[in-house]
Amino acid sequence: METLSTNRAFGGTQGVYRHASGATGTDMTFSVYVPPHAPGARLPVVWYLSGLTCTHANVTEKGEFRRACAELGLIFVAPDTSPRGDGVPDDAEGAYDFGLGAGFYVDATQAPFDRHYRMWHYVTQELPALVGAHFPADMARQSIMGHSMGGHGALTIGLTFPDRFRAVSAFAPIVAPGQVPWGEKALGGYLGADRVAWRAHDAVALIEDGARVSSLLVDQGESDPFLAEQLRPELLQAACAAAGIPLTLRLQPGYDHSYYFISTVMADHLRWHAERLDA
């Protein structure tokens, strides 16, 4: 693991790191904020999954999470959203919603993407092992959150591994990718035409198929331009109600899809996570 940068922030350390990934077959860059802590202490970990077109840098630079993480004693990890580098295939037409920056947190099964686009394995297995080995992380206390495509990833990973992640939340997530254009394009391109295979990567479908978590927190801007067509939080609300999953869905008047919105509610989410992580 190579250290690309470290900076002091709120008494802790914000670092950016790179390593050779066996999952993706590429170098992968990620960021980790470690708050101030006593020598030998092991701290709970919050995973943050970013949205379309983003890298680790978007939330690292704009998320305004460090003050809250320092106060609450939380390690904050932000992976990239896709493999990158020479030979990594992209959308044939250069669209932003598929290919580079749009890995959708799945392990692709369709050529040519199946060689490198293994973001599910990377985020759920490889990177956690690396974080547990190199940082003062208590891997028995993990939670996960994400934005947009990353909200989709956080919800599906949290629902798949409810015993690993004590808290799951999202900002403007894609809750039912099998029912919206972004998701249909991505899941079809990475996983193929069989929609049954998509259900393991669709939060609403997972809940319909029996997946459960103790509770969910979702914030959604009411002025989000993607709200009606791509995000559709009402589908998650209906699925949670039918399954008996306590969902706190907060519709925020005047807020859009940007990091101005995310940074506004970030501390609320981190406090919610800290309560469930016993931080």
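1. Pro112 sits in the loop between strand 5 and helix 3, with helices (H or I, at least four residues) and strands (E, at least two) taken as DSSP runs numbered from the N terminus. For background, most peptide bonds are trans, and most residues other than glycine have a negative phi.

2. A word on the source: this is a predicted model, in which local features need pLDDT of at least 70 and side-chain atom pairs count only at pLDDT 80 or more, while totals for chains, interfaces and linings use all residues. Residues are numbered from 1 along each chain as its sequence is written, and side-chain values use heavy atoms, with hydrogens and water left out.

3. Do look at helix 3 (residues 119-134), which bends by about 35 degrees at Leu127, with Pro128 following within four residues. The bend is the angle between axes fitted to the seven residues ending at a residue and the seven starting there.

4. The buried residues of helix 3 include Trp120, Val123, Leu127 and Pro128; buried means under 20% relative accessible area, exposed over 50% and partly exposed in between (1.4 Å probe, protein chains only). Among the partners of the buried residues of helix 3 are strand 2 (12-20), strand 6 (137-147) and helix 4 (149-160).

5. Helix 3 packs against helix 4 at an angle of about 55 degrees, their axes 12 Å apart. Axes are lines fitted to C-alpha atoms, for helices over the stretch in contact, and angles run from 0 to 180 degrees between N-to-C directions. The two helices are therefore oblique to each other: angles under 35 degrees count as roughly parallel, over 145 as roughly antiparallel, 65 to 115 as roughly perpendicular and the rest as oblique.

6. At this packing, Trp120, Val123 and Thr124 of helix 3 meet Thr156, Ile157 and Thr160 of helix 4, with contact meaning heavy atoms within 4.5 Å.

7. Two residues other than glycine have a positive phi: Glu64, at about 55 degrees, and Ser148, near 60 degrees. Glu64 is in the loop between helix 1 and helix 2 and is exposed, at 58% relative accessible area. Ser148, in the loop between strand 6 and helix 4, counts as buried at 2%.

8. Phe65 also lies in the loop between helix 1 (56-62) and helix 2 (66-72), and at 0% relative accessibility it counts as buried. Leaving aside neighbours within four places in sequence, Phe65 has contacts that include Tyr33, Phe76 and Leu270.
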